[in-house]
Amino acid sequence: MTTDFTSLIELRRDLHIHPEAGWTEFYTTARLAEEFKRLGYKLAFGTKVIPEEKRLGVPNDSELDQARERAKREGAAGYFLHQMRQTTGMVAEKQYGNGPVIGLRVDIDALNISESSDTAHFPSSAGFASKHPGLMHACGHDGHAAIGVGVARTIDRLDAFDGTLRIFCQPAEEGCRGGLAMSRSSYLQGVDALFSLHIGMGHDTGEIVAGFDRPLANAKLNVKFTGEEAHAGRSPEDGRNALQAATTAIQNLYAIPRHASGTTRINIGRVRSPNPVNVIASDTRMRVGVRASTEAALQYMLDRAEDILDNSARMHDVAVDWDQYGRATTFTADEPAINAVVDAAESHNQISDVVNRAKFGASEDASYLIRRVQELGGVATYLGIGAARPAGHHTAHFDFDEDAIGIGVDVVADSIRRIARREDLYQ
């Protein structure tokens, strides 16, 4: 196991104490920048690595300002905060030779979940639970970031890597809001092989999945119905009921027929209509999630959903507007990248089981970075690092066996070295 395991655990716990939701990862990005800078990596931040206009689901300026100030109060280096300005995310790069460019993508954001204070919850009993109310690393991204730093350290101290390592610290994975934007960065140009990773995913410590693939394509819509308020008892006929339009839409969205081209899913995860009980609702908002196994099936669902939203608004004489809050696509992992992971995992005695391929089953916006690398002629995979968990992902009791961090570093670093030696891929 990696020799700097203890310091990586300390880093993971520091990030766990300071969780930040998508597009507000100022402390996290600055903390990681310190680690990479110490190793001599060149760093690029914010709009240099993420086209600002491509971001999805971005908080308002006031929320971003508050997050920056909080990061500064908690010790984030002002130099790095200045480099980020109002857009988080970072690419760290170091050239070790004239060989291929190998990319590693790690996500860095947390979730809007309040962490359990139960003493049976290890982060709470060990003193590293979230100090930010309503925010928590409930999906292992703090571990992913620590693995990214550990891989950089391992590659840096060995002579067995002849190439360039480019590490993508991606913001706003939750909600699938950041991958599309980062995939449009010029830093994806020239990447010969890309690895992305996830801790847990239903696999125990010591298990490795060399290639999760075929995640569901995904789109998330923010929807707003706008009507006209009126007293519900005295003059209901003067109102135009936004809530009634929304409920009509909900019923029909769930009734969209399935399609032969692939699996489809739809869910309305949030509805808000802050109107007094005696007033016709003039403002109703909801968030719609659409998933499908193919891009074609996803587009079918989106087209039908938009028709339903339009017609529901028209039926009740209200206005409707929507925008995409998040987006992800699907991919198939490449055999050369999978083989590199399998060979690396099988050479480490702490690995108990290696699975070549497994179906992802959910959505993941690393898909856009993977697809972009593939479109440009490179290969990619999304690997799973097993970790025992007391509770499921996205829950208040989520935690993971920290031994997975050291295992992940060893397997990923070894996979990078192995694929860099595949001269047949880069001719």
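Modeller: Here it is. Keep in mind that this is a predicted model.

Biologist: Let's start with Ile416. Which residues does Ile416 touch, leaving out those up to four places away in sequence?

Modeller: Ile416 touches Ile102, Val151, Ile155, Phe161, Leu165 and Phe195.

Biologist: And what is Ile416 part of?

Modeller: The largest nonpolar core, which has 73 residues. Ile416 is among the members that touch the most others, along with Leu32, Phe36, Val151, Ile167 and Phe195.

Biologist: Which helix gives the largest share of this core?

Modeller: Helix H12, residues 403-420. It supplies 10 residues.

Biologist: What lies apart from that core?

Modeller: Another core, of 29 residues. Ala217, Val223, Ala292 and Val320 are among them.

Biologist: Zooming out. How many helices and strands are there?

Modeller: The protein has 12 helices and 13 strands.

Biologist: What about the overall dimensions?

Modeller: The C-alpha trace spans about 80 × 50 × 40 Å along its principal axes. The radius of gyration is 23 Å. A compact globule of 427 residues would have one near 22 Å, so the two agree.

Biologist: How much of the protein is buried?

Modeller: Buried residues make up 57% of the 427.

Biologist: And the surface? What share belongs to carbon and sulfur atoms?

Modeller: The accessible surface is about 17,100 Å², and 45% of that belongs to carbon and sulfur.

Biologist: Last one, charges. How many positive and negative side chains?

Modeller: There are 46 positive and 58 negative. The centres of the two sets lie 3 Å apart.

Conventions:
Residues numbered from 1 in each chain as written. Predicted model: local features only at pLDDT ≥ 70, side-chain atom pairs only at ≥ 80, totals over all residues. Heavy atoms only, no water. Core = buried A, V, L, I, M, F, W, Y, C linked by side-chain atoms within 4.5 Å. Buried < 20%, exposed > 50% of the residue type's maximum accessible area, 1.4 Å probe, protein only. Helix = DSSP H or I, 4+ residues; strand = E, 2+ residues; numbered from the N terminus. Contact = heavy atoms within 4.5 Å. Rg over C-alpha atoms; globule rule 2.2 N^0.38 Å. Areas by Shrake-Rupley, 256 points an atom, 1.4 Å probe, with all protein chains shown as cover. Lys, Arg positive; Asp, Glu negative; His and termini not counted. Charge placed at Lys NZ, Arg CZ, Asp CG, Glu CD.
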